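Subject: A structure to look through

Dear colleague,

I am handing over a structure that I would like you to read alongside my notes.

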Amino acid sequence: MSDNNRLRIAIQKSGRLSKDCQDLLKQLGVKLNLREQRLIAHATNMPIDVLRVRDDDIPGLVMDGVCDLGIVGENVLVESQAERAAQSLNAEVTKLAKLDFGYCRLALAWPQELGQLPLSWFEGKKIATTYPEILKQYLKNQGINASTVLLSGSVEVAPRAGLADAICDLVSTGATLEANGLLQGETILESNACLIQNPSMDNQQKQALLDTLLPRLKAVRQAKESKYIMLHAPKAGLDEICELLPGTGKPTVLSLAGTDDLVALHMVSSETLFWETMEALKEKGASSILVMPIEKMME
Ligand SMILES: Nc1ncnc2c1ncn2[C@@H]1O[C@H](COP(=O)(O)OP(=O)(O)OP(=O)(O)O)[C@@H](O)[C@H]1O
Ligand SMILES: O=P(O)(O)OC[C@H]1O[C@H](OP(=O)(O)OP(=O)(O)O)[C@H](O)[C@@H]1O
Ligand SMILES: [Mg+2]
């Protein structure tokens, strides 16, 4: 019998999101021994269980309260919500955060030889997709009357196989469209991974744990985007050099052994230091310029 005080999180077992999900849980301090074949992993340092499932099942597990949290692509979430709404099933989730991985877009595409096409071309056509609900909603909003053909994968084969006139599929680099002689058209959904919660979760212990994890998630995001900058600067040119440094924070100024003309500047910047800025800093007399990643930070 599972302990109802343990926070249950659903993540993708294997596929494009699984490594990023495992890395994120580790960054949040969740200690898991994810032996490959195990479909449920128990954290050793906090009351968390991780269910490793197909990404398509994650929204339903969270909506039905089997899991408290889930990490899933917005494309899968939106499609699942539309499917469940059509069956009058509960489709409510709370989207706690958009995550910085799993970026892709759901786009229309058609055989390259047709060249650029207006949306009106799709009237009366057949469009193959893994996301029929999202596509139907889009076509309805655009006033286009076209039919959808469901394919669970390798959607790009549909036009050549005579299954459909066009497709609506996920695109990241565009390589698969290119390889299949397809031209990308309108993007109907931008998507990336997101953290979702069952809105009916009312366990105080779980909420307290989640209230600990969410600031860590924010701190991990902030640290990823921030850099630690160190450099040596002539005292005489300090103001000009500080004006060139990114971000609004004031740098820490440290004296350097053996000289009164130079100081060391240290600062956390919310953005990286571009080559052009580094070259401008050198022109102002800066030297030993170091830009380093930050593992963790908390304001
Ligand atoms: N180029 C891409 N193609 C497909 N999904 C992508 C791409 N880039 C990012 N993603 C995101 O990764 C998610 C998982 O993609 P993946 O191909 O692993 O799913 P899957 O094959 O359905 O896996 P599963 O076996 O878990 O059902 C997608 O739903 C999407 O949110
Ligand atoms: O724009 P790209 O970088 O080429 O990525 C897009 C392709 O990736 C996904 O397929 P995947 O490789 O996940 O296989 P699947 O179609 O079986 O899901 C998606 O279905 C596209 O086919
Ligand atoms: Mg899937």
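**Salt bridges**

Lys136 is partly exposed, with a relative accessibility of 41%, where buried means under 20% relative accessible area, exposed over 50% and partly exposed in between (1.4 Å probe, protein chains only). Before going on, please keep in mind that this is a predicted model, in which local features need pLDDT of at least 70 and side-chain atom pairs count only at pLDDT 80 or more, while totals for chains, interfaces and linings use all residues. Residues are numbered from 1 along each chain as its sequence is written, chains are lettered from A and ligands numbered from 1 in the order in which they are written, and side-chain values use heavy atoms, with hydrogens and water left out.

Lys136 forms a salt bridge with Glu133, their closest N and O atoms being 3.9 Å apart; the term stands for a side-chain nitrogen of Lys or Arg within 4 Å of a carboxyl oxygen of Asp or Glu. Because the two residues are 3 residues apart in helix α4 (residues 132-142), they are separated by about one helical turn. Helices (H or I, at least four residues) and strands (E, at least two) are DSSP runs, numbered from the N terminus. Glu133 is also partly exposed, at 22%.

A search of the whole structure finds 13 salt bridges. Among them is the one between Glu74 and Lys98, with the closest N and O atoms 2.8 Å apart, and this pair links distant parts of the chain, since Glu74 lies in helix α3 (residues 74-86) and Lys98 in strand β5 (residues 94-98), 24 residues apart. Glu74 is buried at 5%, whereas Lys98 is partly exposed at 44%. Together with Lys95, these two residues are linked in a network of salt bridges.

**A loop residue**

Asn203 is placed in the loop between β11 (193-197) and α6 (204-225), and it is buried, with a relative accessible area of 13%. Its side chain makes a polar contact with the side chain of Asn5 at 2.7 Å.

**A sheet**

Which order do the strands of the open sheet have? The 4 strands run β13-β14-β12-β15, with antiparallel pairing, and the edge strands are β13 (252-255) and β15 (287-293), each of which pairs on one side only. Two strands count as paired if DSSP finds at least two bridges between them.

Conventions. A polar contact is a pair of N or O atoms within 3.5 Å; within protein, one must be able to donate a hydrogen and the other to accept it, and residues adjacent in sequence count only if both atoms are side-chain atoms.
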